[in-house]
Amino acid sequence: MAWIDSSGSMSDEQLKMCLAEVYQTALAKKPIKLVVIQCDTKIQEIKEYTDLRKLKSDMIHATVKGRGGTELKPCWDLLLNDKKYKGRPAELVMVF
């Protein structure tokens with residue numbers, strides 16, 4: 001999982017730099033699934049990848065979603081309480 005701040009202080013260029021880091025880490029770790037979340041004070045976007053070529057393609061056109069304040073609690077809540085993710089441990093969580 002990668003949690004990316006999508007508050008007002010983040011630019012599209014910074015988002016692309018974060019996604020590039022996620023991509024490089026994923027190339028090394030070779031995950032079965034990669035979940036990338038944009039979050040400001042709430043979760044703005046969740047993208048799941050099973051093919052890293054799609055992530056690489058998405059990096060080119062990525063834009064920041066949200067632009068509110070900064071709060072990671074919604075990501076923690078998703079990981080701990082959402083039935084899709086609860087009980088399915090993430091091997092690695094990257095926070096940007």
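Contact here means heavy atoms within 4.5 Å of each other. The model is a predicted one: local features need pLDDT of at least 70, side-chain atom pairs count only at pLDDT 80 or more, and totals for chains, interfaces and linings use all residues. Residues are numbered from 1 along each chain as its sequence is written, and side-chain values use heavy atoms, with hydrogens and water left out.

Start with the overall picture. The protein comes to three helices and four strands, where helices (H or I, at least four residues) and strands (E, at least two) are DSSP runs numbered from the N terminus. From that end on, the elements run β-α-β-β-α-α-β. The C-alpha atoms fill a box of roughly 30 × 30 × 15 Å along the principal axes. Of the contacts between residues at least 6 apart in sequence, 72% join residues at least 24 apart.

Next comes the sheet. The four strands form an open sheet with mixed pairing, in the order β3-β2-β1-β4; two strands count as paired if DSSP finds at least two bridges between them. At the edges sit β3 (43-49) and β4 (94-95), each pairing on one side only. Strands β2 and β3 run antiparallel, joined by six bridges, and a hairpin of three residues links them. Strand β1 (residues 2-5), on the other hand, pairs with β4 in the parallel sense over two bridges, and Trp3 has Val95 in β4 as its bridge partner.

Helix α1 (residues 12-29) lies across β1, β2 (34-39) and β4, and runs at about 160 degrees to β2. Axes here are lines fitted to C-alpha atoms, for helices over the stretch in contact, with angles from 0 to 180 degrees between N-to-C directions.

What about the inside? Buried residues (under 20% relative accessible area; exposed is over 50%, partly exposed in between, with a 1.4 Å probe and protein chains only) make up 34% of the 96 residues. A nonpolar core is a set of buried Ala, Val, Leu, Ile, Met, Phe, Trp, Tyr and Cys residues joined through side-chain atoms within 4.5 Å. The largest such core has 17 residues, and those with the most contacts inside it are Ile4, Leu15, Leu19, Val22, Leu34, Val36 and Leu55. Each of β1, α1, β2 and α2 supplies at least two of its residues, with α1 giving the most, six. Apart from this core lies another, of nine residues, including Ile37, Cys39, Cys75 and Leu79.

Beyond its neighbours within four places in sequence, Val36 touches Ala2, Ile4, Leu19, Val22, Glu45, Ile46, Lys47 and Tyr49. One of these, Lys47, is also the bridge partner of Val36 in β3.

Asp58 is buried, at 14% relative accessible area. Its side chain makes a polar contact with that of Lys47 at 3.3 Å; such a contact is a pair of N or O atoms within 3.5 Å, where within protein one must be able to donate a hydrogen and the other to accept it, and residues adjacent in sequence count only if both atoms are side-chain atoms.

Finally, Trp76 lies in helix α3 (residues 73-81) and counts as partly exposed at 45% relative accessibility.
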